[in-house]
Amino acid sequence: MTRNMKTTISLPDELFFAADALARRLGVSRSDLYASALAEFVAKHTQAEITTRLDQLYATQSSDLNPAFRRAQRRSLAEEW
């Protein structure tokens, strides 16, 4: 069961009215619009965090394939194409 939490936020008038118009145009409630926008924002930043961590890892660790694996990969690609 999903529980919905309530919060109060302050928005600049221009942003509020633009979001309100978009919600009407999309046929969704403002709450649904805000929840969807926030979910996308959180996902974007989560992905950015993962990318940053991978970049940090590969800055210190080699990402080269074992030469035998690389040859096998080339052969399999040549057979498919």
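1. Buried denotes a relative accessible area under 20%, exposed one over 50%, and partly exposed the range in between, computed with a 1.4 Å probe on protein chains only. The model is predicted, so local features need pLDDT of at least 70 and side-chain atom pairs count only at pLDDT 80 or more, while totals for chains, interfaces and linings use all residues. Residues are numbered from 1 along each chain as its sequence is written, and side-chain values use heavy atoms, with hydrogens and water left out.

2. Helices are DSSP runs of H or I with at least four residues, numbered from the N terminus. Helix α1 comprises 14 residues, 13-26, and spans 20 Å from its first C-alpha to its last, close to the 20 Å expected at 1.5 Å a residue. That expectation is 1.5 Å times one less than the number of residues.

3. In α1, the buried residues are A19, D20 and A23. Viewed down the axis of α1, these buried residues fall within an arc of 105 degrees, so they line one face of the helix; the arc is taken from the directions between the helix axis and the C-beta atoms. An α-helix has 3.6 residues a turn, so residues three or four places apart point the same way.

4. The buried residues of α1 pack against α2 (30-60), where contact means heavy atoms within 4.5 Å. E14, F17, R24 and R25 are the exposed residues on the face of α1 turned away from its buried side. Just after α1, G27 adopts a positive phi of about 75 degrees.

5. The largest pocket has a volume of about 690 Å³. Its lining consists of 21 residues, with T7, I9, S31, Y34 and A35 nearest the centre. The elements giving two or more residues to this lining are α1 and α2; α2 gives the most, with 9 residues. A pocket is here an open set of points on a 1 Å grid over the protein atoms alone, with protein on both sides within 12 Å along at least five of seven lines, and lining residues have an atom within 4 Å of a point.

6. Q73 is found in helix α3 (residues 67-80) and is partly exposed, at a relative accessible area of 42%. The C-alpha atoms of Q73 and L26 are separated by 47 Å and lie 47 residues apart along the chain. N66 belongs to the loop between α2 and α3 and is partly exposed, at 40% relative accessible area.

How values were computed. On a 1 Å grid over the protein atoms alone, a cavity is a set of points where a 1.4 Å probe fits but cannot get out, and a pocket is an open set with protein on both sides within 12 Å along at least five of seven lines; lining residues have an atom within 4 Å of a point. Grid points are joined across faces, edges and corners, and a volume is the space filled by probe spheres set on the points.
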